[in-house]
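Student: Hey, could you walk me through this one? I'm new to it.

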Amino acid sequence: MEIYQIILIALFVYLGSIGSIVGNTIGWYTLGRPLVAALVVGVILGDVQTAMIVGIPLQIMYMGNVTPGGAVAWDLSYATYIGVSGAIVFGSGLDAAQVIGLAVVFAGIGGLVGQIMWNISYALNLPLNRVAQRYAAEGATGKMFIPNVVMGQAIGFACRFIPAIIVLTSMTAASAQADFAAIIPGWVTTVLGVFGGMMASLGMGIILSFLLKKKYHIVIFLAGFVLVTYFNLSTMAVAVVAIITAILYYVANSSLDSRKGVA
């Protein structure tokens with residue numbers, strides 16, 4: 001990675017984890033989501049295809065990530081931006097399943113670093129309450145933005161941008177030593193491939209658990225699976241077939257209801 005690419009990705013690690021300045025909607029709930037993060041990293045590193053290949057399973061994996069009471073088990077912004085970057089930097093020569101497994105490994109590293117820095121930022125923000133209380137006691141409400149915005153964001157920026165720069169620079173230095181795909185033992189690439197395939201299957205299972213609410217929904221899913229797998233139809237073709245089927249089903253039910261009403 002070039003210096004400007006490292007700086008840009010580290011900047012998005014910061015922007016994707018905040019709820020102010022750009023707002024929760026743009027920051028935490030958009031730039032911090034794995035699929036959006038993957039697109040951003042892909043554009044910056046010039047490999048959108050690989051980025052989206054790993055971004056989709058990461059999005060599914062972290063779909064259930066919540067922060068109850070502010071408790072963060074895994075920093076999503078760090079995990080996804082570092083994970084996708086690692087997959088692109090070190091994934092040359094690997095197949096899709098192995099690249100996904102590689103992304104999961106680097107996402108784990110990024111998530112762990114992010115969790116540590118999140119807790120450090122919480123600790124560093126505690127004294128800001130006393131600064132704010134002092135301004136409030138003095139009636140200097142015009143200065144409240146200093147601890148709440150300026151100092152708070154300075155701490156957040158330092159705890160995200162700087163460590164991300166260090167991690168991404170270390171990754172770049174390591175990738176320059178040798179062809180990563182060539183020095184990995186065969187059993188490791190096999191494990192990465194199996195693990196990546198498991199993650200994709202797990203992600204599909206999670207999606208289906210949300211979508212399949214009734215038993216007959218499984219039949220619809222299997223019909224689409226058969227059309228794609230055995231009839232080699234594209235997903236667009238299957239979508240068109242599904243729309244036509246839904247319209248016919250709706251028309252048939254409407255006709256049946258009208259006949260019942262007449263009777």
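Predicted model: local features only at pLDDT ≥ 70, side-chain atom pairs only at ≥ 80, totals over all residues.

Student: How many helices and strands does the protein chain have?

Tutor: Eleven helices and zero strands. Helices (H or I, at least four residues) and strands (E, at least two) are DSSP runs, numbered from the N terminus.

Student: And how much of the chain is buried?

Tutor: Buried residues make up 37% of its 263 residues. Buried means under 20% relative accessible area, exposed over 50%, and partly exposed in between (1.4 Å probe, protein chains only).

Student: Which residues touch the most others in the largest nonpolar core?

Tutor: Tyr81 and Val84, out of 45 residues in that core. Helix 5 (76–90) gives the largest share, ten residues. A nonpolar core here is a set of buried Ala, Val, Leu, Ile, Met, Phe, Trp, Tyr and Cys residues joined through side-chain atoms within 4.5 Å.

Student: New topic: where does helix 4 bend?

Tutor: At Gly55, by about 25°, and Pro57 follows within four residues. The bend is the angle between axes fitted to the seven residues ending there and the seven starting there. Several residues of helix 4 are buried, including Gly55 and Pro57.

Student: What about helix 7?

Tutor: Helix 7 bends by about 25° at Gly152. Its 31 residues should span 45 Å, and the end C-alpha atoms are 43 Å apart, which agrees. The expected span is 1.5 Å times one less than the number of residues.

Student: Which helix gives the most to the nonpolar patch on the surface?

Tutor: Helix 10 (residues 215–229), with five residues. Members of the patch include Phe221, Phe225 and Tyr230, and the patch has about 820 Å² of accessible area together. Patches are made of residues with over 30% relative accessible area and no salt bridge, with like charges joined within 9 Å and nonpolar side chains (Val, Leu, Ile, Met, Phe, Trp, Tyr) within 5 Å. A salt bridge is a side-chain nitrogen of Lys or Arg within 4 Å of a carboxyl oxygen of Asp or Glu. Accessible areas come from the Shrake-Rupley method with a 1.4 Å probe, and for residues only the protein chains shown count as cover.

Student: Is Tyr230 buried or exposed?

Tutor: Tyr230 is exposed, because its relative accessible area is 61%.

Definitions and conventions. Residues numbered from 1 in each chain as written. Heavy atoms only, no water.
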